[in-house]
Each structure stands twice: as C-alpha cells, then as structure tokens.
Amino acid sequence: MGSGGARWVELAPLQDGAILALAISEELPLADQSTRPMIEVLAEYMAGRELLLVLDTCEHLTDACALTAQVLLDAAPGLRILATSRRPLNVSAERTPAVEPMPVPDPDDPAASGNDAVVLLAERAAAAVPGFAVTEDDQGDVVHLCRRLEGLPLAIELAAARLGELPPAELAVRLDDRMSVLGQTEEEAYDAHPPWHQALRTAIGWSHELCTPQERLLWARVSVFAWCLSGRAAGRSIRTGTR
C-alpha cells in the first residue's frame, strides 16, 4: 500500500452535506475530469493507500459524514478516520472516546504551575496580554480561576483574554455571571475559529441548536434544578449544558 500521510478537512464552514465529498477531494492531490460521483472518485483514490483523514467539526453534518465515512472505509482497508464531533457518527467499528475537561490542581499544590489547565491559561493570557506571567504571588488565584472554569479549555481561553482587564482573583469572582464575562468584544468578533467559539454563550447555543425539539424541552425542564441549587436567575441555568 502507498502511504497517503494525513489530511485535515475543516467542516465548520460547510453547510451542505451534499458537497462533503468535494470538500474532502480539495484537500487531496487528485484531479478528476470525469462525471462520476465524487464519492466514487474518493473511494478509488484511497483504496490502495494508508491514510489518516481528519474530519474536523462534524456535528452539524453527521448524516453526510456517516455515509461518506462508511463508503470510504469499506473501499479502503488502510484508511483511518478521526472525526471531531459533539455527536457520534454511528458507523460500524466507530470508537467514541470522550474528551474530558482538564484536571485542575489544588491551589496549594506545589506542582500547580505545571498543570495543563494552568499552563494553557498562562500561555493564552501571555498571547493576549504582552508581559503576562504567573507568579508565586498570584499562582493560587490562577489555580482558583481554572477551578471555577472547571478545566474547560474554551472557557480558559476566553478567560485568558480578559486578564488584561481584570486580575485573576477579580475575574474568578465575576464568573458568577460567566455568560457575560466570557463574552465577546468588538476586537474579538472575527478572531475565533470556529465562529461559535467567540463566546461561551455562542458555544452553548451551537450545541443547543443541534438538539432535537424533545432534547431542548428536556434541557429547559432540567435547568430548573440548577436554578434551585444555585439560587440564581433561571436565565443562567443554561450553564448545565456545558456538562
């Protein structure tokens, strides 16, 4: 078998599953001038190759991704597909490992500065705020902030962008209204990729839009428990959707 390496296909901008095969073909060194269906062209190209195909952000095109993946896998024994998605594709031999939040240390842990969540916050903050660095004096506040963010990488990145305006301790306190604090400024409006990562509210809204009407009704009903436990406004109870 010939090695085809790895190919990355970004699906976030794609809205029509009917052109999924074409989107994949554009990331491959193949040219076909025939009138054959593109899925057949792809299957023929991959049949004799060992290839890793990464389909990034599949959740809004699960049916098309599932169909395409199954056809290609059947045709190409050496093909491996890595699909990132908030929904399983439900194809044969699919394995669906869950990506858990980052573990966060205790504030008094002497090794806290090397924790992945703390490192991510420090790196993103340094990129957004020139000269930012975690010191011994504020390490405990940074760890506490990561704990308030529950180790969620997106929330950590959004919080890091706010550290030019607020110190870690104050930002952690303001996370009582995390939908507002982890929002979007005019400068950030075009920076996030995919676009629904511009703010925590848009990320949760993206997932909510993918739910069926019955699932949305369930979320609306169970959200009352978050309101009862926290004693906060019902409008904030959507935070349970990040679980």
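Me: What is a disulfide, and how many does the structure hold?

Reply: A disulfide is a pair of cysteine sulfur atoms within 2.5 Å. In general, a disulfide is a covalent bond between the sulfur atoms of two cysteines. This structure holds zero disulfides. Keep in mind that the model is predicted: local features need pLDDT of at least 70, side-chain atom pairs count only at pLDDT 80 or more, and totals for chains, interfaces and linings use all residues. Residues are numbered from 1 along each chain as its sequence is written, and side-chain values use heavy atoms, with hydrogens and water left out.

Me: Is Cys 58 buried or exposed?

Reply: Buried means under 20% relative accessible area, exposed over 50%, and partly exposed in between (1.4 Å probe, protein chains only). Cys 58 has 0%, so Cys 58 is buried. Cys 146 is buried too, at 0%. Asp 108 has 74% relative accessibility and counts as exposed.

Me: Where is Asp 108 found?

Reply: Helices (H or I, at least four residues) and strands (E, at least two) are DSSP runs, numbered from the N terminus. Asp 108 lies in the loop between S3 and helix H4 (116–128). Its C-alpha is 6.9 Å from that of Gly 140, though 32 residues separate Asp 108 and Gly 140 in sequence.

Me: In which sense do S2 and S3 pair?

Reply: Two strands pair if DSSP finds at least two bridges between them. Strand S2 (residues 49–56) and strand S3 (residues 79–84) are parallel, with six bridges. Asp 56 has Thr 84 in S3 as its bridge partner.
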